[in-house]
Amino acid sequence: MNSDCERILLDEKMIQARVKEVAAQLDKLYEGRKPVVVCILKGSVVFFVDLIRNMKTPCELDFMAVSSYGAGTASTGELKVKKDLAADITGRDVLIVEDIIDSGNTLYHLKKMLNARAPASVNIVTLLDKPSRRQAPMEPEYTCFEIEDEFVIGYGLDYAEDYRNLPYVGILKRSVYEK
Ligand code: PRP
């Protein structure tokens, strides 16, 4: 285990088993269709890669980078798009792949933005959900793991851009971010 980790929350085996289960559910949902599967950079990249490798459904891959303004404020929720989709999603089934939902602001606004492009459907699959932190009304259609409000790193998740390549989800030691 990385020495900055307090403990491992989800080990590789647990993650891989759950990713397989959720991939099978998505295969059922999209049977006979070809969704555009969207990786929200950067945190979801590891989950995205494992998920699509476990899905049998033919799919198109796309990438988006966004950041939400004014989380926790009464802002009307502009979302800054740093990198937009390459695909035209009009009439397409869209699957958004996220690593974590916290306040829900990012996905609430992203879903609204993508729905305005007239897709056939928009669904969200997230690796982690922290429902206790929610500010925006955002319920993902698929969640791999609901977790408590802990500072998690690894399997794509970072602290100051570190730890994304750990193969497990760990809890970061307080001493690391309180320095
Ligand atoms: C994280 C995560 C979500 C968002 C969730 O991204 O990937 O996009 O925060 O938070 P919210 O529910 O409170 O809106 P982050 O901005 O850390 O970027 P990264 O994926 O590049 O690390």
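Start at Asp129: at 2% relative accessibility it counts as buried (under 20% relative accessible area; exposed is over 50%, partly exposed in between, with a 1.4 Å probe and protein chains only). The model is predicted: local features need pLDDT of at least 70, side-chain atom pairs count only at pLDDT 80 or more, and totals for chains, interfaces and linings use all residues. Residues are numbered from 1 along each chain as its sequence is written, and side-chain values use heavy atoms, with hydrogens and water left out.

The structure holds 15 salt bridges.

**Helix 2**

Go to Arg53 and Asp50. Both lie in helix 2, 3 residues apart, about one turn of the helix. Helices here are DSSP runs of H or I with at least four residues, strands are runs of E with at least two, and both are numbered from the N terminus. Arg53 and Asp50 form a salt bridge, with the closest N and O atoms 2.5 Å apart. Arg53 counts as exposed, at 61% relative accessibility. Asp50 counts as buried, at 9%.

**Helix 1**

Select residues 12-29. The 18 residues of helix 1 should span 26 Å at 1.5 Å a residue, and the end C-alpha atoms are 26 Å apart, which agrees. The expected span is 1.5 Å times one less than the number of residues. Show the buried residues: Ile15, Arg18, Val19, Val22, Ala23, Leu26 and Asp27. They pack against several elements, including strand 1 (5-10), helix 2 (45-54) and strand 6 (121-129). Contact means heavy atoms within 4.5 Å.

Stay on Arg18. It forms a salt bridge with Glu21, the closest N and O atoms being 2.6 Å apart. Arg18 and Glu21 are 3 residues apart in helix 1, so about one helical turn separates them. Glu21 counts as partly exposed, at 46% relative accessibility.

**Strand 5**

Move to Asp99 in strand 5 (residues 93-101). Asp99 is buried yet has no salt bridge; the nearest side chain of opposite charge, Arg164, is 5.5 Å away. Lys and Arg count as positive, Asp and Glu as negative; His and the chain ends are not counted. Not counting residues up to four places away in sequence, Asp99 touches Gly43, Ser44, Thr126, Leu127, Leu128 and Leu157.

Technical notes. Salt bridge = Lys/Arg side-chain N within 4 Å of Asp/Glu carboxyl O.
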